[in-house]
Protein chains: 2
Amino acid sequence: MTTHAPLADLTDDELTAFLQDQQGAYDRLRAAGLKLDLTRGKPSPEQLDLSDALLELPTTTKDRAGTDVRNYGGLEGLPELREIFAELLSTSPAQVIVGGNSSLSMMQATIVNFLLHGGIDSPRRWADEENVRFICPIPGYDRHFSLVGSFGIEMVTVDMRPDGPDMAAVESLVRDDPSVKGIWIVPTYSNPTGAVVSQEIAARLAAMPTAAPDFTIFWDNAYAFHHLTDDEAKSADILSLAAASGHPNRAIAFASTSKITYAGSGVAVLAASEATIAWYLKHLSMASIGPDKVNQLRHVQFFGTAQGVRDHMARHRDILAPKFAAVDAALTDELAGRGIAEWSRPTGGYFVNLDVLDGTASRVVALAKEAGIGLTPAGASFPHGHDPRDRNIRLAPSFPELDEVRTAMAGVATCVALAAGEQVAARRGLRVGTGQSTS
Amino acid sequence: MTTHAPLADLTDDELTAFLQDQQGAYDRLRAAGLKLDLTRGKPSPEQLDLSDALLELPTTTKDRAGTDVRNYGGLEGLPELREIFAELLSTSPAQVIVGGNSSLSMMQATIVNFLLHGGIDSPRRWADEENVRFICPIPGYDRHFSLVGSFGIEMVTVDMRPDGPDMAAVESLVRDDPSVKGIWIVPTYSNPTGAVVSQEIAARLAAMPTAAPDFTIFWDNAYAFHHLTDDEAKSADILSLAAASGHPNRAIAFASTSKITYAGSGVAVLAASEATIAWYLKHLSMASIGPDKVNQLRHVQFFGTAQGVRDHMARHRDILAPKFAAVDAALTDELAGRGIAEWSRPTGGYFVNLDVLDGTASRVVALAKEAGIGLTPAGASFPHGHDPRDRNIRLAPSFPELDEVRTAMAGVATCVALAAGEQVAARRGLRVGTGQSTS
């Protein structure tokens, strides 16, 4: 492993030479005319191919009970698929609903229900509250933030740490303020840091006193089975923890097969207390006569069992793990020791979290874009897209091919080094060459 | 065709004999131990079989433009499917979105958008209005009524006539009251009467002055292509009519393939002005990363063209028309001339509307239930399930086999005659036998 000297320790001459080197590397990068995309956590075609047996399924049109899956009905989803997900999520089939192709849609429907009808434990519907606030651990998933933001829900941030949200901050926020109604949690291999919520923090979330009787944990377990190493994280059983703490309706869990089978054509899952399931179905019955049961039976036949899901995920890991290793290798090669970047080495999930020098993330993303490397906009992992330190970049290496990941990440590392060099040089008052690239 | 004497013209002795006959017929019916279901407009297995080629589709995973349909994206739906529906709905692809498996879900999402965000022409979001009222032509579709009712929207009824809603009543309601925000319309082969909204009435709906600037026609064209005879109704082009009247955003149309391919696994469509499409997609983007494009491509390959849809509907007609004829035959046989029932002879759609003697619909449904014939609850086609005259029954003959429709409808006719006989006899003060069946 190459280790470089910290940028801050370079003499002015060394820094000038470093900048010239990086500028040269960047000019070559730009000249290469790349067109690579690291913006979103999309599965690659090779991963999607793993599920192409779906195209020949189902081989029958009746489920186990003899129900014709082609017709209306069955709002809660196919019993055999509920069983598979119940096993995977360590709960009972009665606490699981299987829906359409999007867990995000189930999250939105849940929040709409709270807004327009109120929850089981709500004193009133949220639309009639003066304020509704959500706790947003940062960095986090941009779509969670835009979803609540679109309804005018105020977002209060706490830091996401390697074992979960900063619980002292969370507990203090919920204790006295009844307008704090919810928290977003991606418990396993979180987006974007790869953090795994520990059993202890899950237990504190489940048990903590909250001023709002209907405070709800939106437990988006999107990456529950998406391991990248043998060190497989086991998600905390938030539903049981909440029930055991006397808050049976506090947590609602979500998952989907979007990153298991087909990203656009999978099945989504909601798990909660039986009372919450009844509440959700009651409102869903106004908007639907049932999910796409043919696609659900397709998935039942494809997986067979919960173990079938786990086996399938091992094949994803074989494809994904080298890409994550390539990200780490490229960043290490160029940046290790320079003191200008830190990044995660996740053991699962879809993202690498890259923190660059404060104030340079937007510059890195702009440089990369000019060189044909699409990165998620700087700040995307923060409410309203605003990273107060302008240092956070979410890298999504799943979609490009391995060689492209290597090429793109070497380019990103160059952009990080160049932007950092520019900043350090500017602080020292050094005159630096202004190539076209910095225009 | 048998024609009977009007019940009202029978002597007391004749009426007593009639009642004994009907009671005897009913006792035999009950003894037969039937288990038949005319409750919902579900396609039969034979109809679903018509689409089983879907199970082998799609044969590729790329759309015409080369997009991998297995992955995320494409919120507005596959371009080629938008084109097919644009042709079918006489509009342009830019005015069409293709979604998931449920047009009801698209209607609900639209109303939620109005409630929580407001529409393009809304002075404020509906959640902040003191009152929101919807015009509900009666009899109508129960799920329309329960959907708006679930949000506390007040339902104001007008009569549904053979050519559309009572327009004098509609125009008077919308002219001065800005809280009247919408109207439900099933324009073609309406649920349950089979009425077809005329071009003239569509034009009046499009042009009428409304106190609410965001008054919206929810144009649920669920049965647009569901003809039962050669006399094929052509739906009015409400979007063009509204635009031509200076109200481009007034109408939003919905349709689906739920009664074309698979009832639970079809595709749903929303058509509207381009501004409304942009508004809908903006809010949808908070809740979804895209529809099930594999299922959309499956449908593109299955239909091929708009003409493919029309050809497919002819095969449904072959199965359905004899069932509707059987309903008419059974009712005619037993009830024609008696002056105790009227029913529709729809040229399309899924329902027969049966009006029995005022005050006897609930009794008919109860009698049928006791004899093992499931009917939609009396009053279901009215807001809050309340038919003020207790005379309306919605018959849904699509699901049972033809022989079962014959058997069930002969039974229903007996129940209608018995309930009518009971009522007329009671009014005359005649003592009538109280068999077990009337307990």
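Predicted model: local features only at pLDDT ≥ 70, side-chain atom pairs only at ≥ 80, totals over all residues.
Let me start at one residue: leaving aside its neighbours within four places in sequence, Ser150(B) is in contact, meaning heavy atoms within 4.5 Å, with His117(A) and Met286(A). Ser150(B) lies in helix H5 of chain B, residues 142-150, where helices (H or I, at least four residues) and strands (E, at least two) are DSSP runs numbered from the N terminus. At 24% relative accessibility Ser150(B) counts as partly exposed, on a scale where buried means under 20% relative accessible area, exposed over 50%, and partly exposed in between, with a 1.4 Å probe and protein chains only.

Residues are numbered from 1 along each chain as its sequence is written, chains are lettered from A and ligands numbered from 1 in the order in which they are written, and side-chain values use heavy atoms, with hydrogens and water left out.

Now to the pair of chains. Chain A can be laid on chain B with an RMSD of 0.0 Å by a turn of 180 degrees and a shift of 0.0 Å along the axis, the superposition being by least squares on the C-alpha atoms of residues with pLDDT of at least 70 in both copies. The two copies are thus related as by a two-fold rotation axis. The same surface serves both copies, since 100% of the contact residues of chain A recur in chain B. Among the residues of chain A, Glu56(A) comes closest to the rotation axis, with its C-alpha at 3.0 Å.

Chain A has 13 helices and 13 strands, and 61% of its 439 residues count as buried. Its radius of gyration, taken over C-alpha atoms, is 23 Å, which agrees with the value near 22 Å that a compact globule of 439 residues would have; the globule rule is 2.2 Å times the number of residues to the power 0.38. Of the contacts in chain A with a separation of 6 or more, 77% come from residues 24 or more positions apart.

In H5 of chain A, the buried residues are Asp142(A), Arg143(A), His144(A), Phe145(A), Leu147(A) and Val148(A), and they pack against H4 and several strands of chain A, including S3 (133-138) and S13 (392-395). After H5(A) comes Gly152(A), with a positive phi near 75 degrees. In H9 of chain A, residues 274-284, the buried set includes Trp279(A), Tyr280(A) and His283(A), and the buried residues of H9(A) pack against strands S2, S8 and S9 and helix H4 of chain A.

Finally, some backbone details. Most residues other than glycine have a negative phi, and most peptide bonds are trans. Tyr189(A), however, has a positive phi near 55 degrees; this residue sits in the loop between S6 and helix H7 (199-207) of chain A, and at 0% relative accessibility Tyr189(A) counts as buried. Ser90(B) also has a positive phi, near 55 degrees, but Ser90(B) is partly exposed, with a relative accessible area of 37%. As for cis peptide bonds, one joins Leu57(B) and Pro58(B), with omega about -5 degrees, and another joins Ile138(B) and Pro139(B), with omega about -5 degrees; Pro139(B) is found in the loop between strand S3 and H5 of chain B.
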